[in-house]
Structures are given as C-alpha cells and as structure tokens.
Amino acid sequence: MNDEKKLTVAVIGAGIVGLCTALELQRDGHDVVIIEPDAPGGRQAASYGNGTWLNPGSVLPMSTPGLWKQVPGFLLDPNGPFIIRWRHLPGLMGWLIRFVLAGRTWPQIETCAAQRYELSRTTAQDHAALAEEAGHPELIRRNGLMFIYPKQADIDAEGQAWRLRESLGIRFRKIGSAELRERVPELSGSYTLGMQIDEGGQVTDPGAYCNALFQLAMRRGASHKKARATGFSFNGNRLAAVITDAGAVTCDRAVIAAGVHSRDLAMKAGDTVPLISERGYHVVIPDPGFDIPTGLMPSDGKMGVIMTPQGLRLAGQVELASVSATPNWQRAKILLNYVRRMFPGLAAKVDAIENDVGSPHYWMGHRPSTPDGLPCIGAASGSTDIFHAFGHGHVGMIQAPATGKLVATLVAGRQPAYDATLFSARRFA
Ligand SMILES: Cc1cc2nc3c(=O)[nH]c(=O)nc-3n(C[C@H](O)[C@H](O)[C@H](O)COP(=O)(O)OP(=O)(O)OC[C@H]3O[C@@H](n4cnc5c(N)ncnc54)[C@H](O)[C@@H]3O)c2cc1C
C-alpha cells in the first residue's frame, strides 16, 4: 500500500468482531492497537461461550411476522427458549416495539435476509482460512450443520424460512430417519428428520480461536493496550485519540467493536443505537461418551448442541434483562431438559451437571442485539474517523470475517462490493 495511507487504527474490543477487523486492517498495511481490558475471547465476551455455529443460512432475523402474538407466551412460559424478566420490561419496551415493527412483513424480512447473507455467505471458508493463518486449522470444522425435527409438520412450520434460504441460493438437503439414526445413533427416536446445511461449519473452541487470532495479530505487529475505552478526543474535527481508563491511545482512526458495551461509545461518537443484551447461556457435559458428526439444533429447543474439547456444549436461550442483572442459572438448566429428551442415554451425566450449578461448565453471555437483526457497520455520525462494528446479535461469529473486510474497505475509502448503507447506525436516528 501507499505509505501516506498507512494509518494507526485503534480497535476497541477483542471479541471475534474486533479481532477479525484488526487482521483485515493489518492486511491493508495499517498499524493496529487493540484496546481490551480482559483476555481476548475470555469468559466476559460473547465470543467465548456461543453456539459455535458458522451457518451461512442464518439469514432470518429473530423478529418475523406474527411474532407479537407470541410475546405474552414469552413472558409467561418459564421453560421455553425465550423469556423476558418482568422487572426489566419497562427499560426494554422501546427496543421491543422496534423489534416487533422490524419484522412485520415478509418483504421486510427478505430485505434483511439478503443483507445478512452478504455477511455470512462465506463464513466457514473465511474462518477456515483465518485458522490456517493462525496455525490452528483444527479450530474450524467444516462438517456441515443440521437442524433436527420430530416430524414433517415441524419442518413445514418453518417452510417460509427454508424457501427464503433457497431463494438466496443457500443449499440444504433433507435427511431421512434412517440416515439420521446412522449418523447420530445416540439421538432419541423422537427426532425423525433433519435439514443439513453442508456449507456450514463450527468453531470447535471459540475462546481458544479468539486467542489464536489475537496472537496472530500480535505476531503481525499489533500492540495491545490492556484498558477500557471510555471516549474519544479530537483535534479540530479529526480524531486524536481513544481515551481509556489507563490513558490516551493516539490514533488516526478508531473502530468500536466492544460487543454489547458499544452503545455508550457509539453515543460519544454521535449515534444513539438501541442496543441491548439478548442474554444467552451454555452448559457443558464433559465426556459424554460419544461424538456427534455435526452441530445439531433441535427445532423445539432452538439451541446449539455441539461437541467442543470441553465436552458436549448446549448453547441457547434468550433472556431479556439488563446487562448487569445476575445470571439466572435456571435458564441454563432448561437447556439440560432438552438434551435429556435428545439423548436419553446421557441422563446420569445430565443429573450430575444439574447439581453442579455455578461451576465453569455453566456460562452466561450477552448477544449484542439491535432490534432489526442487522449490525451497525460504518462511519459514525459524529466523526468520519470512527467506525462502528457491533450489534451482531445471534450471528457475530458467522458475520465477523465479512464485517472485518467491510470495515477495512470503508477505512480505506474503497467502494464495498455490495450496498452496505443498511448497516449504518443512522437508520436509528
Ligand atoms: C448463548 C449464545 C449462543 C450464540 N451462538 C452463536 C452461534 O452459534 N453463531 C454465531 O455466529 N453467533 C452466536 N452467538 C452470538 C455471538 O457470540 C456474538 O454475536 C459475538 O460473539 C459478538 O462478538 P463481539 O466481538 O461483537 O462481542 P464480544 O465477544 O462480547 O467481545 C466484546 C469485547 O469487547 C471488550 N470490551 C467491552 N467494553 C470495552 C471497552 N469499553 N473498551 C475496550 N474493550 C471493551 C470485552 O471485554 C469483550 O472482550 C451466540 C451468543 C450467545 C450468548
């Protein structure tokens, strides 16, 4: 690259989005400073404990037509995949209204899905390439992903979603009962069908993967400021530094990639973004005694069931409450109830884990969620030197590589290959 375009870019946050962004900025020849107070991809980050799915078909936002009819059930059913903590409802009402309105009609969903697909179509291959560069190809598995269903009517109930995927060119195939038994013999006979996305994959250990990407960025010359970003300082209308709780980091550009904690920083950069935490949980069953060939998602539990080096990870649940609310481990136990149904042979191990609440096998984290299912990527309203890269909700692992590429494109002033204006934080103005 041309020397005069070489910039110092501060990337705030070393979750998967910040790390992929840092690596893409380095590819363009920039000097990168990663500002992160904790371990990159540590337990504080959503990127640590997620469902590990790299699904190019994760194009549908959470809010779809008719969802509003289910909201009362979400408030009242203590054992479902979605719950709103009553006490936090007043603070969430504005977001919830936007959320329901964003998914009123199928044309809205189609626009959103097409936009999401731009960020997810090559996810598994992009991650595989990054893992290879980091010297850890084993951290990405490209064995596909499978949704599993009790019966055909359950697939039909999601027919619109599968048709939408098909219209975007996302390939999938139906797995019959015999093949399902053969591939996952331990699975309960109450699941009889699967829908396999062959191009999907999995991060085998997201915490280790983030650490590997961080080490790669460091080997390529990044520096690490172990501090929490609190704001920005300007020289006239140009960015001068990111302010942290341990001093200023001088830079030409800054990228806000602090996950759910990005909201306050975005506000300081001129954008008011309705960003909340969709809290999620995971539980790990160590040594389950069998492997599963791909990540599974049961249609009733809406959760990821995946093999990790620590054991069988069950990741899911959506709990709407403030970021600071204490975890409700009952939500994690609901994941265990589903897995009891899926794998009856695991009953004794599930019982043992159920009595081990609060151990490292239990985890709670924050999906950084906007109401319309799209992240915020692009220049901030208050400064063209500050870029947003947050709000990826349920799909941050999937969308991180493409987000990194898009941010690098925008920082360089190049034209993106697709219309990225729908990602602008100004849509919430
Ligand atoms: C249960 C669950 C299951 C999920 N399953 C999947 C899945 O299967 N596939 C998928 O694609 N996605 C999944 N997700 C979503 C995914 O994990 C997130 O979208 C993604 O990890 C967000 O990454 P991030 O880098 O934006 O944020 P994070 O990973 O949260 O990282 C943000 C980082 O910023 C740091 N930080 C915060 N404030 C500051 C500050 N002021 N200054 C500096 N640093 C700061 C934090 O310490 C943290 O390290 C799941 C999430 C959950 C909770």
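In which sense do strand β15 (residues 276–285) and β19 pair, and over how many bridges? The two strands pair in the antiparallel sense, over eight bridges. Welcome to a short tour of this predicted model, in which local features need pLDDT of at least 70, side-chain atom pairs count only at pLDDT 80 or more, and totals for chains, interfaces and linings use all residues. Residues are numbered from 1 along each chain as its sequence is written, and side-chain values use heavy atoms, with hydrogens and water left out.

**The whole protein**

- The protein has 14 helices and 21 strands; helices (H or I, at least four residues) and strands (E, at least two) are DSSP runs, numbered from the N terminus.
- Its radius of gyration is 21 Å, close to the 22 Å that the globule rule gives for 429 residues, so the protein is as compact as a globular protein of that length. The radius is taken over C-alpha atoms, and the globule rule is 2.2 Å times the number of residues to the power 0.38.
- Taken along the principal axes, the box filled by the C-alpha atoms is roughly 65 × 45 × 45 Å.
- Of the 429 residues, 56% are buried, where buried means under 20% relative accessible area, exposed over 50%, and partly exposed in between (1.4 Å probe, protein chains only).
- Looking at contacts (heavy atoms within 4.5 Å) between residues at least 6 apart in sequence, 74% join residues at least 24 apart.
- The accessible surface comes to about 17000 Å², and carbon and sulfur atoms account for 53% of this surface. Such areas come from the Shrake-Rupley method with a 1.4 Å probe; for residues, only the protein chains shown count as cover.
- There are 43 positive and 39 negative side chains, with the centres of the two sets 4 Å apart. Lys and Arg count as positive and Asp and Glu as negative, while His and the chain ends are not counted; each charge is placed at NZ of Lys, CZ of Arg, CG of Asp or CD of Glu.

**Strand β19 and its partner**

- As background, strands of a sheet pair through backbone hydrogen bonds, either parallel or antiparallel. Here, two strands pair if DSSP finds at least two bridges between them.
- In the pairing of β15 with β19, H282 stands opposite W363 in β19.
- Strand β19 (residues 362–369) is largely enclosed by the rest of the structure, because eight of its eight residues are buried.
- Both faces of β19 are covered. Y362, M364, H366 and P368 are buried on one side, and W363, G365, R367 and S369 are buried on the other.

**Other strand pairings**

- Three strands form an open sheet in the order β3-β9-β5, with antiparallel pairing. Its edge strands are β3 (53–54) and β5 (140–141), each of which pairs on one side only.
- Within this sheet, β5 is joined to strand β9 (residues 201–203) by two bridges, and I140 stands opposite V203 in β9.
- Strand β20 (residues 376–379) runs antiparallel to strand β21 (residues 386–390), with four bridges joining them. The two form a hairpin with six residues between them, and I377 stands opposite A389 in β21.

- V9 is found in strand β1 (residues 8–12) and is buried, with a relative accessible area of 0%.
- Not counting residues up to four places away in sequence, V9 touches L25, H30, D31, V32, V33, R253 and V255.
- V9 and M342 are 333 residues apart along the chain, and their C-alpha atoms are separated by 47 Å.
- A22 lies in helix α1 (residues 16–27) and counts as buried at 0% relative accessibility.
- The residues that A22 touches, leaving out those up to four places away in sequence, are V11, V32 and I34.
- A22 and A408 are 386 residues apart in sequence, yet 8.7 Å apart in space, C-alpha to C-alpha.

**Backbone angles worth a look**

- Most residues other than glycine have a negative phi, and most peptide bonds are trans.
- T52, a residue other than glycine, has a positive phi near 70°. T52 sits in the loop between α2 (46–49) and β3, and counts as buried at 1% relative accessibility.
- Q317 is not a glycine either, and its phi is positive at about 75°. Q317 is found in strand β18 (residues 311–320) and is buried, with a relative accessible area of 2%.
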